[in-house]
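Subject: Handing over the structure

Hi there,

Here is the structure I promised to pass on to you. Have a look at it first, and then read on for what turned up in it.

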Amino acid sequence: MAVDTRIAAQLRDVHHRFGEAGVLQDVALTVRSGEIVAIVGPSGCGKTTLLRIVAGLLRPSGGEVARPDSGVGFVFQEPALLAWRRVDSNARLLARGEDAIVNHLLTVSGLLEHRHKWPHELSGGMKMRLSLVRSLAARPDLLLLDEPFGALDQITRHRLHDEFGALHESEGFSALLVTHSIDEAVYLADRVLVMSSAPGRIVGEFAVPFPRPRSDDLRYSSEFAALVGNIARSLYRYAGDA
Amino acid sequence: MNEIRPPATPRNSTHRSPRLARLAPPLAVLGLVIAGWYGLAYSLDNNFASADGSALIIPPPHQLFVGLNAATVSRIASATWVSLGTAAVGLLLAILVGVLLGVAMSFSRSLESAFWPWLIAVQVTPVIVLTPIIVRVVGASFTARLIVTVLIAFFPIASNTLFGMRSVGRALHDVFTLAGASRWHRLIHLQLPAASPAIFAGLRVSAGLAVIGAVVGDFFFTRGTPGLGRLITFFFQDTRSGPMFVTALIAALIGLCFFVAVAALRRLLVSPWHRP
């Protein structure tokens with residue numbers, strides 16, 4: 001399906017079933033070029049399934065999916081590193097022969113000095129940074145992120161949020177981020193979509209008006225808290241029996 | 001894989017005492033075994049009385065080499081060569097067969113369900129009892145020895161390869177799927193490396209089994225150069241206890257060498273990156 005150059009990904013009428021159970025229903029969403037869109041929803045609402053459909057890892061039961069011809073980057077819940085390759089070699093796994101980019105990404109994420117280490121020698125935050133670097137090294141037009149910061153402690157998580165924001169500024173990719181943290185969604189995204197569970201539907205959309213680059217101070221502002229509160233109310237209304 | 005490791009010691013420790021402390025318990029057991037050996041030899045052979053080396057039931061450790069003349073040494077040497085060659089080539093073939101079977105079964109559920117019950121059947125059969133049949137069919141040749149060894153040794157590698165290939169996480173597979181990797185690329189760069197710790201765990205078992213297969217299978221070979229198994233029955237029938245013990249010790253040493261070689265290879269290829 002042809003893609004408007006200003007649109008990174010588009011879903012229309014997507015629905016999906018596993019056996020008898022409807023997982024996704026009438027999902028429509030658009031990620032514009034350069035935009036970060038976050039999806040929040042209760043666990044088990046089909047967020048991961050939706051992301052796998054956007055990636056092309058899963059064919060939906062119905063509906064249309066448009067994604068960049070150049071392929072997408074995917075950052076998983078776990079770092080999914082190759083334990084038998086050193087940091088450097090993991091970072092280059094998906095790169096298309098552009099050494100300078102990988103070195104730049106390794107430097108920006110503070111991994112350059114660790115490049116000869118094995119993955120098991122890295123902290124959880126470092127592993128996630130490496131996973132992000134590996135995806136970005138392929139220069140994807142669209143990056144899909146499936147709760148990538150969920151397993152990290154708060155300090156590391158907030159630090160990675162800022163690094164992710166900086167990478168987005170410099171690399172200019174579009175991103176679709178799935179998370180169960182409303183806080184994280186508001187801090188990182190330009191738009192937040194709210195998903196209901198059983199079946200998963202998009203039930204709300206919130207624009208995030210805060211300018212970039214964003215800093216930690218934003219988290220403690222009343223506007224931030226108000227928006228998080230609005231999204232939370234919308235989310236709880238549709239959360240079902242979770 | 002659950003692995004039982006000795007407690008870690010600091011890597012750069014050059015002090016002798018910790019190493020000595022680690023070696024002391026097994027050395028103490030060795031001392032007890034040798035003392036028991038002397039006691040048994042003494043009680044059975046009445047104060048080590050027979051000095052000609054032929055009539056001892058059990059020679060004490062210091063008389064092990066009494067009956068070893070040049071002819072006996074050369075018989076033991078050629079038997080060692082036969083058994084060592086059988087075990088080594090047999091193990092290499094077992095690795096090849098085991099990994100290929102494991103990979104094939106991991107690629108196809110129907111292959112797995114077709115093969116698996118028969119692999120179990122071979123595994124639970126004491127393969128030694130098949131040796132006469134194999135000798136009948138292919139003759140008392142090196143090939144027959146290899147078949148026996150491979151049949152005994154391949155299973156742990158096949159099952160562990162299958163297990164290791166299946167244990168690769170979905171996210172890792174997705175990374176390769178999104179990169180458009182071919183099945184071959186996925187096998188070489190993802191599945192086999194990920195399975196290698198499991199394969200090595202199987203290999204450690206198979207290495208011991210290969211030596212058992214090479215030595216014990218040899219009992220049934222009545223023609224050609226004898227291996228260690230048949231040689232030991234010769235010495236047994238001639239009541240030459242000294243050479244019999246030496247032959248047994250050599251078989252044990254071959255097993256130990258295989259074990260050490262596999263451990264060294266694992267330390268080189270897997271240990272640097274693998275944390276269970």
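Let me start with a pair of helices in chain B. Helix α4 (residues 131-138) and helix α5 (residues 142-166) of chain B have axes that come within 9 Å and cross at roughly 145 degrees. The crossing of α4(B) past α5(B) is right-handed. On the α4(B) side the contact is made by B:T131, B:I134, B:V135 and B:V138, and α5(B) answers with B:T143, B:A144, B:I147 and B:V148. Sorted by type, the residues of this contact are six nonpolar, two polar and no charged. If you are wondering about the spacing, an α-helix has 3.6 residues a turn, so residues three or four places apart point the same way.

Please keep in mind that this is a predicted model.

Now to chain B as a whole. It has nine helices and zero strands. Of its 276 residues, 34% count as buried. Among contacts in chain B between residues at least 6 apart in sequence, 73% join residues at least 24 apart.

How do the two chains meet? In the contact, 13 residues of chain B face 13 residues of chain A. Helix α6 (residues 170-178) of chain B gives the most to chain B's side, with six residues. That side of chain B is made up of eight nonpolar, three polar and two charged residues.

Chain A comes in two parts: domain 1 (33-59 + 140-242) and domain 2 (82-138). Their C-alpha centres lie 24 Å apart. Eleven residues from domain 1 of chain A and nine residues from domain 2 of chain A take part in the contact between them. On the domain 1 side, the largest share, five residues, comes from helix α5 (residues 154-171) of chain A. The residues on that side of domain 1 divide into eight nonpolar, one polar and two charged.

The buried ones are A:K47, A:T49, A:L50, A:L51, A:R52, A:I53, A:V54 and A:A55. After α1(A) comes A:G56, with a positive phi near 90 degrees.

Finally, a few backbone details in chain A:

- The peptide bond from A:R212 to A:P213 is cis, with omega near -5 degrees. You will find A:P213 in the loop between β9 (202-207) and α7 (222-237) of chain A.
- A:D26 is not a glycine, yet its phi is positive, about 50 degrees. A:D26 sits in strand β2 (residues 21-32) of chain A, and it counts as partly exposed because it has 14 C-beta neighbours inside 10 Å.
- A:R139, also not a glycine, has a positive phi of about 50 degrees. A:R139 belongs to the loop between α4 (124-136) and β6 (142-146) of chain A, and with 16 other C-beta atoms within 10 Å it is partly exposed.

Notes:
Residues numbered from 1 in each chain as written. Chains lettered and ligands numbered in written order. Predicted model: local features only at pLDDT ≥ 70, side-chain atom pairs only at ≥ 80, totals over all residues. Contact = placed C-beta atoms within 7 Å. Helix = DSSP H or I, 4+ residues; strand = E, 2+ residues; numbered from the N terminus. Nonpolar A, V, L, I, M, F, W, Y, C, P; charged D, E, K, R; others polar. Domains from an automatic or database assignment. Buried ≥ 20, exposed ≤ 12 C-beta atoms within 10 Å, placed from the backbone. Axes fitted to C-alpha atoms, helices over the stretch in contact; angles between N-to-C directions. Left-handed = near helix turned anticlockwise from the far one by under 90°.
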